[in-house]
Amino acid sequence: MRWKRSIAIAVVVLLLLLVARAVLHRHREDSEILPVSVDVTEPFYAVYFGSADGTQLIPEFHQGVGTVEERVARLMEGPRLAELSAVFPEDVEFLGYSQRDDVLFLNFSHHLVTRHPGGSTGEIMTVYGIVNTLVGAWGVRQVQILVEGRQILTLAGHLDLTEPLEKDYELLGSSHI
Amino acid sequence: MVMITIGGKTMKRVALILFFLFILSILYPINSEAALKLFVGNDEVELKNSLVMINGNFMIPMDVFEDYLGADVKITPEHFEMVFADQTILMQLGVESAQIDGKTYQLDVAPQLVEGEIVVPIRFIANRLGLSLVFDQDIMGLRLETSKPSARRERSFTSNLFGQQDVQPDQPAETETIVLHHPDEEQDLKEIIFMGGPRSRVFLDLKSYTGYQTHLLTEPDRLVIDLYGVGGDPLPPVEVRDNPVVRSIRSSRFDEYTMRIVCDLHDSTGYRVNPWPQGGLEIEFNFQLTAIELEANDDDQFALRFQASAAPVIETIYLEDPLRLVLDLQETTLMMRSFDRAVNQGPVSRLRVSQHTPSVTRVVLQVTEPMAPLQLEQLESGGFVLPLFRGTASQAHAYLAQTQGTQHEIIDLDPVLPDGELSGLTVVVDAGHGGSDPGTIGHHGTFEKDVNLAISLYLGEYLSQAGARVIYTRDSDAYVSIFERPAIATQAGADLFISVHANSSINRGTARGTETLYRAKDPVSELLARTVQDEVVAAVTLANRRIWGRDDLAVFNNSKIPAIMVEVGFLDHPDEELLLRAPGFQKVAAQGIFNGIRRFYLENKR
C-alpha cells in the first residue's frame, strides 16, 4: 500500500511542476511578466490581480498553503508587480468569513461598494479577483461576497451577487496553457 | 407626548437593568460556583460551569439545545450545526456570524470554547427560536420562555433587592418582570443608513411597512417620515458629519403602529421618497442652488454662473410676448431668497429666480432677442457655468453639432432612413444605472447614468424612425433595479434587449476602448453582440476590445430575450470621458448601435 501512495504523491508533484513551469514559461514568453517565483516542491497558492487593460486575471504565486486569511490579505495588499492592477478599491476592511460546506462567505466593509469605481470591467475584476483567489483555499468551491454582514444584490450595478459564484476560468491569464 | 413617556420608560428600564446587573456582578462574580441559574421554561438547566457573559452577551453551552430545546447538535471540525424542527443554525468557533438556510447573520459575540464547552450567544438563539430571555429574581437566574407568557408575573424587584431607600422618590416603584431581551420578530426598522452622495440620500431598511407620510417642518428645519405598520424598537440616532443637508437622523415610536423618523436638516429642502423594490425606503434630497448670477465676457457672450451641490438636469422652455428663456432646474431647492430684478445686460433685461414647485427651481431670463442654453460646464472651483447662445434653439443645436461633431464629419448625424425598415421589431433600450445610482464617475465629474441615458434616447429615436417599437427601461433620471429591467423586457414581449453603459477599470484611466457583453452560451445574443460591436467600433473609432459572453449579469438573467450590453467607452479615461459627454459623440455611438441592430435584423430575419 505504501508504494502506491508514494507513486500517487510523485505523480501529483510532477503535475504541479508541469503546470507551474508552463505558467512561468508562458509569461516569460508573452509579456515579460514573471510571477513571483516559488519553490514548487513546497505548497504554494495563486493570488489573482487584473491585467493592466482589465481583460484578464493574472496569478501571482505565494509560498504556503494559503488559508483564507492569507489569501485575502495578499489580495488586499495589491500586486507586487507594477504591471498588474489591484482588484480592491481603497479603504476596504475584511470583516471576517465563514464556510458552509464548499461555500465561503466573505464579509467586507461598505467601502467595497462605496469606494468602487464602477464599470462592468471594474466590477468583474474585483469580484472574480476575489472569487478566483479564494476558490482553492481548503474545501472552497464557491464564494459569496457579503458587505457589512449582509447579502448584496450587486456590487456596481452589473453582476448578480445574490448567489455564490464559482471560479471563472475564462478570465485567467494562465488558462491558455 | 406619547413618545416622551415611552422614551422615559425605556430609559428607566435600561438604567434599572444596568444597575441591577452591576449589583449582580458584585454580589455574584461570574466565576463563582453559585452564579446565575438558567431555566428553560420551568426546567432548571444543569450547568457544568457558570454562565459566562462576554461583551454584555450571556453565553450558554451548546448542550442546552440538545437537552432542553429538542435540537440535534452535530459537531464537525469546521463548524457545528444545531438542527431544530424548523431551521438549522450553523456556527463556527471564533466566527462572528451564523448561517441559517444559506443566509448569513451577524453575531454580537463569536461562539467560544470555555472550560471544554462550546458556548454560544443566547440572545441570537432566543431570537431565532422566538423566545424571550427574562431575568427571574425568584430563582436568581435567567429564564428562556416563549415570548408571550400567558400570565404576566408581577414582582417588585427594586424594593426586595435594594431596600426602599434606593427607590428614587420621583419614580414610583413599578411592578414588572425584567425582560432582558424580546425576540426581534417585530423589529421592523432594521437599519438607518446615511448614504451621502450629491443628493444626500438616506436609506431606511424596513422589514415591512403598510404606508408612510412625510412632513417638511421648520423651526428647527426637519423632515418627518411616519412609517405605518412598523413595530419594534426605534434605533439609536445617526449623526451625519460634513453634509450640507442632513445633520442627524432619529427614530422614535409614535404610537403602536407608527414609527417616526426625523431627519434634522441644516436648511429646509425638497426631497423625494423612493420605495425600493426589495423593501425599504430611500429619501433623496434635492440638489441645492445657493447662488446664481448672469455674467458677460468680452466677446459680448453671456452665461449663467451658479453654485449648486451637483449638476441638476435643466429643462428649457421658450416663451413669447415678452420673449423669455425659462430654465427649470429639476429636483433643485433654492437655498436663497427668490428675486426678480432688472439687469439690462446685452439682450437680457430681467432675471427672475424662484422655487416654482417643491422640486423645481425656475430661472427666467426676459430677453430682447432669442437666446438658448448650451452645455452645462462644471468649474474646478465647484461651481457651474451655463453658456447662453445668442440665437434660437435650433441655431444653438446647429452650433453645437458644428463645434462638437467636427471629428466625425463622415457620419451623418441625423440620418435619413427608409421608413418602416424595422417595423415589427420590438427593442428594449436599457440605459444603465440612473437615479440614486450614478454608475461610474469620470475625472471631470461626468455621471455614467447621464451618458447612458443620452445615448439610449438617441438610439430609441433612430429605432423609432426606422419603424421599430421601442421600450425604455427608463427615459429619465430614475432608479430602476437591475433585476426589474429584464422583467420589463419580458412583459413587453421584446425581441432584443440592448443595455447601454460606459465602462471603468479599477486602476482608473488605464483601460480604453469599446466592448460588448452578451448572454453566455446564447448564439443569437453572440451574433447580435458581434454585429453591434463591429458597427459601434466603426462609428466611434475607439479601440476594439472584445465581445464577451457572461452568465452572471443581472440584466441578462431572468429573461430569454437575446441580450447585449454595450460598453461604449471608458468614462474613467480622461480622453474618452470628453468624448462620452459630448452630444455629438453620443449621437455617433447611438448611430453605431443602431447600425448594428439594423444589420443584424435585416440579415437574419426570415
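A crossing of two helices is called left-handed if the near helix is turned anticlockwise from the far one by less than a right angle, and right-handed if clockwise. Keep that in mind for the first view.

What you see here is a predicted model, where local features need pLDDT of at least 70 and side-chain atom pairs count only at pLDDT 80 or more, while totals for chains, interfaces and linings use all residues. Residues are numbered from 1 along each chain as its sequence is written, and chains are lettered from A and ligands numbered from 1 in the order in which they are written.

**View 1. Helices α8(B) and α10(B) make a right-handed crossing.** Helices here are DSSP runs of H or I with at least four residues, strands are runs of E with at least two, and both are numbered from the N terminus. Helix α8 covers residues 523-540 of chain B, and its axis passes 7 Å from that of α10(B), at an angle of about 145 degrees. Axes are lines fitted to C-alpha atoms, for helices over the stretch in contact, and angles run from 0 to 180 degrees between N-to-C directions. Among the residues that touch are Leu527(B) and Val536(B) from α8(B), with Ala589(B) and Ile593(B) from α10(B); "in contact" says that C-beta atoms, placed from the backbone, lie within 7 Å. Sorted by class, this contact has 13 nonpolar, 5 polar and 3 charged residues. Ala, Val, Leu, Ile, Met, Phe, Trp, Tyr, Cys and Pro count as nonpolar, Asp, Glu, Lys and Arg as charged, and the others, Gly among them, as polar.

**View 2. Here is the largest nonpolar core, with 100 residues.** Such a core is a set of buried Ala, Val, Leu, Ile, Met, Phe, Trp, Tyr and Cys residues joined through C-beta atoms within 7 Å. Leu106(A), Val427(B) and Ile593(B) are among the residues that touch the most other members. Helix α10 (residues 583-604) of chain B gives the largest share, 9 residues. Leaving out residues up to four places away in sequence, Val427(B) touches several others, including Leu463(B), Val470(B) and Ile498(B).

**View 3. Leu425(B) sits in the loop between α5 (393-404) and β35 (426-431) of chain B.** Is Leu425(B) buried or exposed? It counts as buried because it has 20 C-beta neighbours inside 10 Å; the cut-offs are 20 or more other C-beta atoms within 10 Å for buried, 12 or fewer for exposed, and in between for partly exposed. Asp495(B) is 70 residues away in sequence, but 6.5 Å away in space, C-alpha to C-alpha. Beyond its neighbours within four places in sequence, Leu425(B) also contacts Ala468(B) and Tyr601(B).

**View 4. An open sheet of 5 strands in chain B runs in the order β26-β27-β31-β30-β29, with antiparallel pairing.** Two strands pair if DSSP finds at least two bridges between them. Strand β31(B) is joined to β27(B) by 7 bridges and to β30(B) by 8 bridges. Leu327(B) is the bridge partner of Val363(B), and Ser354(B) that of Arg362(B).

**View 5. Chain A meets chain B through 33 residues of chain A and 38 residues of chain B.** On the chain A side, α4(A) gives the largest share, 5 residues.

Methods. Contact = placed C-beta atoms within 7 Å.
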